[in-house]
Amino acid sequence: MATTATKSVNAKLVLLGDVGAGKSSLVLRFVKGQFIDFQESTIGAAFFSQTIAVNDATVKFEIWDTAGQERYHSLAPMYYRGAAAAIVVYDITNPISFTRAKKWVQELQAQGNTNMIMALAGNKSDLLDARKVTAEATQTYAEENNLFFMETSAKSATNVNEIFYEIAKRLPRAQPVQNPVGMVLMDRPVERTAGASCCS
């Protein structure tokens with residue numbers, strides 16, 4: 001098969017942000033290509049998975065969409081612990097959601113996974129007339145905090161796939177060793193037949 005040279009990367013990705021910022025809508029648009037005008041608030045967290053091919057890798061995202069309500073805040077570390085990437089989402093029409101997004105960024109930085117790829121998504125970019133948070137201010141903030149920033153719209157599908165693809169492009173470089181198990185087995189060729197064949 002031609003795909004043997006392809007690296008396979010499993011990446012846990014978490015979405016964080018204020019209630020109503022559009023986290024679930026972004027995930028639904030990315031995973032299912034759908035947009036629902038009146039999306040119910042997530043309770044606790046919802047799980048999705050989606051596989052994409054980028055450069056020389058196949059990336060399987062294991063996506064945790066966390067609830068934005070304050071009462072679920074204490075559960076968030078359970079979901080972002082060990083995550084390879086995070087998308088912090090705010091609503092460009094809501095300055096409070098941007099303030100909350102900055103708090104999530106601080107929390108992620110404090111928990112100390114230096115390899116985590118962090119993206120900042122200014123969602124609802126279709127509502128330009130109602131904009132309260134400028135792209136310039138956010139871009140400056142993103143650069144200062146080593147994040148990459150995109151404005152997205154789950155409604156019009158603007159930059160939704162792009163933000164996930166950009167994360168996927170950065171992942172293989174952030175996690176160069178994908179299959180250490182294979183290297184261990186090389187020293188013990190006798191046991192190689194004991195394991196089930198890996199690639200069906």
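**Entry 1: the model.** I noted at the outset that the structure is a predicted model.

**Entry 2: strands β1 and β3.** I looked up how strand β1, residues 7–17, is joined to strand β3, residues 57–66. The two strands run parallel, and 9 bridges join them. For a point of reference along this pair, I found Val9 opposite Val59 in β3.

**Entry 3: strands β2 and β3.** I then turned to strand β2, which covers residues 45–54. Strand β2 runs antiparallel to β3 and is joined to it by 10 bridges. Here I recorded Ala53, which stands opposite Thr58 in β3. I also recalled that side chains in a regular strand alternate between the two faces of the sheet.

**Entry 4: the turn.** How many residues lie between β2 and β3 in their hairpin? I counted 2 residues there, and noted that Asn55 in the turn has a positive phi of about 50°.

**Entry 5: the second largest pocket.** I looked up the volume of the second largest pocket and found about 420 Å³. Its lining has 27 residues, of which Gly20, Gly22, Ser25, Gln39 and Lys124 are the closest to the centre.

**Entry 6: the lining.** Which element supplies the largest share of this pocket's lining? I found that α1 does, with 3 residues. Helix α1 spans 23–32, and both α1 and β3 supply at least two residues each.

Terms used. Residues are numbered from 1 along each chain as its sequence is written. This is a predicted model: local features need pLDDT of at least 70, side-chain atom pairs count only at pLDDT 80 or more; totals for chains, interfaces and linings use all residues. Side-chain values use heavy atoms; hydrogens and water are left out. Two strands pair if DSSP finds at least two bridges between them. Helices (H or I, at least four residues) and strands (E, at least two) are DSSP runs, numbered from the N terminus. On a 1 Å grid over the protein atoms alone, a cavity is a set of points where a 1.4 Å probe fits but cannot get out, and a pocket is an open set with protein on both sides within 12 Å along at least five of seven lines; lining residues have an atom within 4 Å of a point. Grid points are joined across faces, edges and corners, and a volume is the space filled by probe spheres set on the points.
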